[in-house]
Amino acid sequence: MNPAVTFPQPSRRVLPGFGLSLGFTLTYLSIIVLIPLAAAFLKTAGMSWGEFVAAVASPRVLASYRLSFLASMAAGLVDVFFGLIVAWVLVRYSFPGRRIIDALVDLPFALPTAVAGIALTTIYAKHGWVGRWLEPHGIKVAFTEIGVFVALTFIGLPFVVRTLQPVLMELEPEIEEAAASLGASRWKTLTRVILPELTPALLTGFALAFARALGEYGSVVFISGNMPMRTEIVPLLIITKLEQYDYRGATAIAVVMLVASFLMLLLINLLQKWSRRYHRV
Amino acid sequence: MKSKNFLLPLLGLALAAASPARTVELLNVSYDPTRELYADFNKAFGAYWKAKTGDTVVVKQSHGGYGKQARSVIDGLPADVVTLALAADIDALSANAKLIPPDWQKRLPQNSTPYTSTIVFLVRKGNPKGIKDWDDLAKPGVSVITPNPKTSGGARWNYLAAWAYAKHRQGGDAAAKKFINALYKNVPVLDSGARGSTTTFVQREIGDVAISWENEAFFVLKEFGSDHYEIVVPSLSILTEPPVTVVDKVVRKKGTAEVARAYLEYLYSEEGQDIVGRNFYRPRSPAAVAKYAKVFPQLELVTIDSEFGGWARAQQTHFADGGIFDEIYTKK
């Protein structure tokens, strides 16, 4: 953006209604997002500090944080890598069946997560289509941490592809041609011209896939095997607490997840802002 | 208001006309493996009630994991009756929401459990690992399928049955604790619910033996063929008592108290008991017990009350956070 053509006075907007729309935004956000979250905080407010720590820092819960965060992070990273390739292929090339593949990308969005979980488990279990080839080599996917990672990768992919696609469409091939004609190698064109343009979108895609993976329950419980200390994800422990009518313990874990997720998403947003400024100079 | 005056008698007329053959709707909130039982029973009760009063009863069923089912009722699902897998879940209706009086279990005969079951083993055809009794399950190299007792009520019965066996046959609580530890070391997957475990064992072909409710084991044989699976009955097990009750607060509001009570009482009738036996639950009435004696083998059965001092105590000792079950996985 050229700094010479910005409008300095915020009061002289073309469209009126800032006050009204902000008010609407805040009300809407409160009803849909903030009030349920506040309820979670209120529920835990009744606990003493000792109770809270006991609920959120027992060895089993700690093990589940580790699995949930690491597996979600790994799944997000893998999704970024493959999502970029998928988006690139879908935007840059035209080939028969492209629209069908394009529609396929959205399937993990629409599929009930339990269906995804059962399907993945069937495929990766000992006698499944994929599992039977992996098992003899000592690679177990279903009922291990790898299974959790596979399920999370599956549900996160469309987030990356769908955030990248519009940005890639904006990115004109002429820029690459210009870079090439100015003597940049292919590698240099990729790392110095294309990737910087894509970084903000890649970060957004990662953040979405990661956040979705953290909250995922339906598909993971089928493939993880739910072994305490090993393959329990945080949402499962929340359900476990609910099964014991321990509403406060459940919300305590939920609050920890909320705060942690919020901080990580905030960090990613800041990083994205920074990368945008840094690369656009 | 003229129109109101005009409408009121009409309304009365409509009600009078409708009352000889009313349609009553009941909601029965139950757990997963009773699906077939209540599909059968609701038809029989509908016919009985129609013959007796002329009213048509439509019973709607809600099935799901039991803890979740109890929570839905607490959170306001208007169940006229609940038929759940363990008394603890119905106790929660009283303790957490005051929907029923605390002494609900005394209102119907036999602890309000018109049918029972027990915990048995499901093995693959020919029983290749030679599973005969509980101690075979703790042997090295045997893979055991059972759901997670933290999330599945059915799995709690499995666990307690194993505990009771070791306590009686191997000498006290210390031996039982050791036995439970060894047994759960043989469990490769802890599904979150009982049907999930059945799927793991049957469809994924994982495990040598699945610990299961007897009715669920019969269901597997019926559904997937007795040429693939066999039932092994251990020498000692636990009497599983899934209780039933009317939800007072709901029926008072809906005016369905009478039919809801009749519905549950009909489970104790000869026809009700026959349907129970037909759907692989162990009936209570002597006539039905005699009729289905060949189906259900005799074995030594302990009860939750005599062996574990009731659900509240068992829950606290074994399944609460930091309880004995957690120790299996957290103590190294």
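Two residues are in contact if their C-beta atoms, placed from the backbone, lie within 7 Å. On that basis, among contacts in chain A between residues at least 6 apart in sequence, 78% join residues at least 24 apart. The model is a predicted one, and the predictor gives the complex an ipTM of 0.70 and a pTM of 0.79.

**Confidence**

- The average pLDDT of chain B is 89, and 93% of the residues of chain B score at least 70.
- Where pLDDT is low, the predicted coordinates should not be read in detail.

**Chain A overall**

- Chain A has 13 helices and zero strands.
- The C-alpha trace of chain A spans about 65 × 60 × 30 Å along its principal axes.
- Chain A holds 281 residues, of which 32% count as buried.

**Domains of chain A**

- Chain A is split into domain 1, covering 16–45, and domain 2, covering 48–279.
- Between the C-alpha centres of domain 1 of chain A and domain 2 of chain A there are 27 Å.
- Five residues from domain 1 of chain A and eight residues from domain 2 of chain A take part in the contact.
- On the side of domain 1 of chain A that touches domain 2 of chain A, three residues are nonpolar, one is polar and one is charged.

**Domains of chain B**

- In chain B, domain 1 is made of 2–113 + 241–267, and domain 2 is made of 117–239 + 299–330.
- The C-alpha centres of domain 1 of chain B and domain 2 of chain B are 32 Å apart.
- Domain 1 of chain B brings twelve residues to the contact, and domain 2 of chain B brings 16 residues.
- Helix H3 (66–74) and helix H4 (87–97) of chain B are the elements that give two or more residues to the side of domain 1 of chain B that touches domain 2 of chain B.
- H4(B) has the largest share of that side of domain 1 of chain B, with four residues.
- By residue type, the side of domain 1 of chain B that touches domain 2 of chain B has six nonpolar, two polar and four charged residues.

**Strand S8 of chain B and its partners**

- Four of the five residues of strand S8 (residues 236–240) of chain B are buried, and the strand is mostly covered.
- Strand S4 (residues 115–124) of chain B runs antiparallel to S8(B), and two bridges join them.
- In S8(B), Thr240(B) is the residue opposite Ser117(B).
- Strand S11 (residues 300–302) of chain B pairs with S8(B) in the parallel sense, over three bridges.
- Leu301(B) in S11(B) stands opposite Ser237(B).

**Helix H13 of chain B**

- The residues Gly272(B), Gln273(B), Ile275(B), Val276(B) and Gly277(B) are buried in helix H13 (residues 270–278) of chain B.
- The cover over the buried residues of H13(B) includes helix H2 (35–53), S4, helix H12 (257–266), strand S10 (282–283) and helix H14 (286–291) of chain B.

**Where the two chains meet**

- Chain A and chain B each put residues into the contact: 20 residues from chain A and 20 residues from chain B.
- At least two residues of the side of chain A that touches chain B come from each of helix H3 (59–92) and helix H12 (234–243) of chain A.
- With four residues, H12(A) supplies the largest share of the side of chain A that touches chain B.
- That side of chain A has ten nonpolar, seven polar and three charged residues.

**The largest nonpolar core**

- The largest nonpolar core has 144 residues, and those that touch the most other members are Ala151(A), Ile253(A), Val81(B), Leu160(B), Ala162(B) and Val247(B).
- Helix H8 (residues 145–170) of chain A gives the most to this core, twelve residues.
- Apart from its neighbours within four places in sequence, Ala162(B) is in contact with Trp134(B), Phe179(B), Ile180(B) and Leu183(B).

Notes
Residues numbered from 1 in each chain as written. Chains lettered and ligands numbered in written order. Predicted model: local features only at pLDDT ≥ 70, side-chain atom pairs only at ≥ 80, totals over all residues. Domains from an automatic or database assignment. Nonpolar A, V, L, I, M, F, W, Y, C, P; charged D, E, K, R; others polar. Buried ≥ 20, exposed ≤ 12 C-beta atoms within 10 Å, placed from the backbone. Pairing = 2+ DSSP bridges. pLDDT = per-residue confidence, 0-100. Core = buried A, V, L, I, M, F, W, Y, C linked by C-beta atoms within 7 Å.
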